[in-house]
Amino acid sequence: MRHLRSLEQWELLPYMGKWLIIASCAATLAGTASAFFLLALEWATATREASPWLIGLLPLAGFVVGWAYHRMGKPVEAGNNLIIDEIHDPRKVIPRRMVPLVFIGTVVSHLFGASVGREGTAVQMGGALADQLTHVFRLRHEDRRVLLMVGMSAGFAAVFGTPLAGALFGLEVLAIGRLRYDALFPCVIAGIVADRVCLAWGVHHTVYVVDTVTAMTWQTALSVIVAGIIFGLVGLLFATAAHHVGAWMKRWIAYPPFRPLIGGAVIALSVAVFHTYRYIGLGIPTIVEAFQHPLAPWDFAGKFVYTVASLGSGFKGGEVTPLFFIGATLGSALAPLLHLPVGMIAGLGFVAVFAGAANVPLACTVMAIELFGPAIAPFAAIACVASYLLSGHAGIYHAQRLGRAKHVRHLPEDLRLAEVKAYRKSLRPANESTSQSREP
């Protein structure tokens, strides 16, 4: 009997019970917020499509959103990066104002035609709402880290209807090459509960149909590897372009509300002149179309440009759904060249571009299974891992840390992605002096 009492399983039961309760509470909040957010996005999208002239008001909408964040949102302006930083270095509870600011800011951005997504909003709302439970349950710093991961997982799972991918996203996005398995149980519970809560509010997610998946042969595997390399390079280019445009806008336009004002004016004018309405908003109909027949190669490029311009100038939302658009349309265009079924390669592009841009290959592989079925699993794994490797040590989340480098090149652990470039520059003088000293 004394031996049974000493079993560590008895200690795990209170742990599991604690996180079952806490994760369920956080997931209920995140799932409810995501449900109302998705319903609001449906209204905004339907309203904009019924009144195309609303795109003309995008500059004014951008100024209002920029002014609101300038006056009230400076503590939460970093968005997802703030949550990731708080997980790595806990300091203070995320202000509640993040929730209404990002909710309203994203809905306004979609209503007037900015090309932004929805994942950023759901993850930020999930993280901020979960963090409010820190004082309720009197959590320590270490438990607060897990709670924030729970909120991120719940928001991601609810907004896309992918509970397991959401759980993995909250674990994988924090550091390249490192997972925190101590948070696995809470994040899985959060992903499942948030998804069910969101569905209980009457939200319906888009169904993407992959009607044909080819057999695994060396030819198809090689074609998928080639596709994964292309997807990874596009993900890298997207992350780099978005950061550069954002930095350029901050450098040349000092007053923050003027950035989305000017960016919105450029976007609205180009849409009116070139009739590129299919590249604004979420673009769900075009994503669905990409699974049905090959699309033009400029479709992914058009969405790429409008999304980089929208996010770089300060419109609120997220990068993921635009990355889904970019990946699915790029895959659709590549299908005839790679001799792969359109639906299959569109599905691989859907997840693999995001895998490379966000450095989350496991979450994206599981997402492919949840969205497209288990038959695509081996191809999704190949494409996502190839994309992840080829995207290098860069990504859409600057606060991501390096847990372990992707290849043999040495980089210090816990380096933020935002600091990788500066670290490499700091090594150049030493390398150059060493090479010069070796010359005869």
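Pro 361 is found in helix 17, residues 361-372. Helices here are DSSP runs of H or I with at least four residues, numbered from the N terminus. This is a predicted model, in which local features need pLDDT of at least 70, side-chain atom pairs count only at pLDDT 80 or more, and totals for chains, interfaces and linings use all residues. Residues are numbered from 1 along each chain as its sequence is written, and side-chain values use heavy atoms, with hydrogens and water left out.

Pro 361 is buried, with a relative accessible area of 8%. Buried means under 20% relative accessible area (1.4 Å probe, protein chains only). Leaving aside residues up to four places away in sequence, Pro 361 touches Glu 172, Ala 355, Cys 384, Val 385 and Tyr 388. Contact means heavy atoms within 4.5 Å. Pro 361 and Ala 383 are 22 residues apart in sequence and 8.8 Å apart in space, C-alpha to C-alpha.

## Nonpolar cores

The largest nonpolar core has 131 residues. A core is a set of buried Ala, Val, Leu, Ile, Met, Phe, Trp, Tyr and Cys residues joined through side-chain atoms within 4.5 Å. Phe 169, Leu 348, Phe 350 and Phe 354 have the most contacts inside the largest core. A second, separate core of seven residues includes Ile 176, Leu 411, Leu 415 and Val 420.

Leu 348 touches Val 224, Phe 231, Ile 376, Phe 379, Ala 380 and Ala 383, again not counting residues up to four places away in sequence.

## The largest pocket

The largest pocket has a volume of about 940 Å³. On a 1 Å grid over the protein atoms alone, a pocket is an open set of points with protein on both sides within 12 Å along at least five of seven lines. A volume is the space filled by probe spheres set on the points, which are joined across faces, edges and corners.

The pocket is lined by 33 residues, each with an atom within 4 Å of a point. Glu 77, Ala 78, Lys 250, Leu 311 and Lys 316 lie nearest its centre. Helix 11 gives the most to this lining, with five residues.

## The cavity

The structure holds one cavity of 30 Å³ or more. A cavity is a set of points where a 1.4 Å probe fits but cannot get out. The largest cavity has a volume of about 100 Å³. Its lining includes Arg 118, His 205, Phe 350 and Leu 371.

Terms used: Helix = DSSP H or I, 4+ residues; strand = E, 2+ residues; numbered from the N terminus. Buried < 20%, exposed > 50% of the residue type's maximum accessible area, 1.4 Å probe, protein only.
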